[in-house]
Amino acid sequence: MRKFEEKVRQYREEYLEDLARLVRIESVRDMDTARPGAPFGSGIREAFDCFMEIGERCGFSAVDFDGYACHMQLGACEEYVGVLGHLDVVGILHPEQWKTPPYVLHRSPEGMLYARGVSDDKGPLLAALYAARILKDMKVPLTRSIRVIAGGAEETTWECMDYYFARNKQPVMGFSPDGNFPVVNGEKGIMKFDLLFGREREKTEADCRLRTLRSTSLRNFVCSDLEAEYEVGRERMTKTFQGKEALSRNPQRGENAIWKFAAFFAEATFAEPEAERLIGFVNDCLADDWYGKKSGLYAEDEEMGCTSVCPTGICMEEDGIHLYVDIRYPRCSNPADICDWARKWAGIYGFSWKVEEEKRLLYVPKDSELVRGLQEAYEKVTGDNADVLTKGGASYARTLDRGVAFGAAFPEDMTNPHMPNEGIACASLMKAMEIYCEALWNLTV
């Protein structure tokens with residue numbers, strides 16, 4: 001009988017000490033400190049150094065790929081199973097909302113761990129490294145090598161994985177501990193748009209003149225704060241629209257301030273024609289609709305769910321008013337369809353558009369060797385049924401020919417990724433480590 005649970009328990013305190021070291025590093029992309037060997041800045045370089053030092057202490061040989069990525073490998077087989085995670089984190093947008101210092105690992109009396117990166121993705125990635133360490137300690141007879149790969153630009157450009165796989169072959173299969181349990185075999189495609197309502201000559205007769213318009217954040221979140229400064233007659237006025245912040249991949253969990261702005265000014269006539277076109281487009285095509293039904297973008301797949309559409313930010317610039325829109329789509333849609341959607345409404349409402357970011361969707365059949373092996377590991381450790389699921393988020397699994405996201409958050413966990421008070425139960429990380437031991441055994445032994 002494989003006694004992974006006992007080994008996980010033995011390593012618990014050492015793991016938590018290593019996690020405390022990792023989360024103490026403010027590994028946010030900082031191009032002002034970029035240099036050869038540290039293409040994403042000094043903080044991310046420091047996180048790589050710390051992670052590789054931990055790996056070497058655990059008995060692995062660490063290989064650094066010029067600060068873009070690194071890996072630790074167990075075994076000498078040509079074929080390998082990859083475990084891909086990241087060491088970069090998002091910055092702290094609202095420090096006043098944190099109950100504990102964001103870069104200090106806080107262990108609550110209730111067994112929760114709080115810090116930036118504790119769940120996304122330093123904690124889960126370190127748990128996967130420890131799982132490989134446990135197999136190494138047990139001297140298991142591998143038929144495939146295990147390679148734990150860390151990248152440094154998951155929260156930004158993903159160029160770290162381009163760099164890595166330009167120099168390394170793909171694994172035969174792999175998973176990213178940067179999602180949810182049981183098994184995320186589907187990740188929706190992502191397209192992020194910048195819609196520009198270009199400036200026109202002002203009208204001479206109008207109710208309002210728009211002076212400034214800008215949301216606090218522009219991308220990646222449901223727009224939760226938007227301020228408009230405008231004139232009515234000779235009086236200058238300011239109106240603030242408040243919503244509820246949520247990740248743009250889950251717009252239904254938030255409350256969009258852009259919808260409120262458009263509803264408030266629905267009957268107004270502006271001196272700026274571009275403002276009227278923007279408000280018309282939002283009210284007619286986006287408002288009170290998370291799934292693109294009003295605008296004809298809605299698509300639904302039995303396994304992957306439906307499209308989501310999220311206006312994330314708005315700002316008034318010299319060239320006009322920019323509206324940022326985040327779209328996530330299932331298998332029954334595609335980038336060409338979504339570009340046709342943008343082209344259609346651009347012709348009606350007079351905006352130009354460009355795709356700022358695009359990520360291909362991920363789907364791995366649930367009867368594949370990879371999914372079956374991960375399901376078996378989850379069920380063995382938890383005793384629960386391991387259903388597959390689809391998410392709107394993005395993990396490094398998308399960079400693999402055959403890859404899925406696998407943990408480390410359990411269905412009951414509230415991890416707050418990218419948000420204040422990011423956290424995860426210590427018991428969840430320990431259970432995830434045990435599941436990763438079983439999974440790596442299934443895929444490599």
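Mentor: A salt bridge here is a side-chain nitrogen of Lys or Arg within 4 Å of a carboxyl oxygen of Asp or Glu. This is a predicted model: local features need pLDDT of at least 70, side-chain atom pairs count only at pLDDT 80 or more, and totals for chains, interfaces and linings use all residues. Residues are numbered from 1 along each chain as its sequence is written, and side-chain values use heavy atoms, with hydrogens and water left out.

Trainee: How far apart are the closest N and O atoms of Glu13 and Arg12?

Mentor: Side chains of opposite charge can pair when their charged atoms come close. Glu13 is partly exposed at 36% relative accessible area (buried means under 20%, exposed over 50%, partly exposed in between; 1.4 Å probe, protein chains only). Arg12 is partly exposed too, at 31%. Their salt bridge has its closest N and O atoms at 2.6 Å.

Trainee: How many residues apart in sequence are the parts that Glu78 and Lys169 tie together?

Mentor: Glu78 and Lys169 form a salt bridge, closest N and O atoms 3.6 Å apart. Glu78 lies in the loop between strands E2 (69-74) and E3 (80-86), and Lys169 in the loop between helix H4 (159-165) and strand E7 (173-176), so the tied parts are separated in sequence by 91 residues. (Helices, H or I with at least four residues, and strands, E with at least two, are DSSP runs numbered from the N terminus.)

Trainee: Which helix holds both Arg343 and Asp340?

Mentor: These two form a salt bridge, with the closest N and O atoms 2.7 Å apart. Arg343 is partly exposed at 48%. Asp340 is partly exposed at 43%. They sit three residues apart, about one turn, in helix H7.

Trainee: Which residue in E23 is the bridge partner of Tyr114?

Mentor: Strand E5 (residues 112-114) runs antiparallel to E23, and three bridges join them. In E23, the partner of Tyr114 is Gly423.

Conventions
Pairing = 2+ DSSP bridges.
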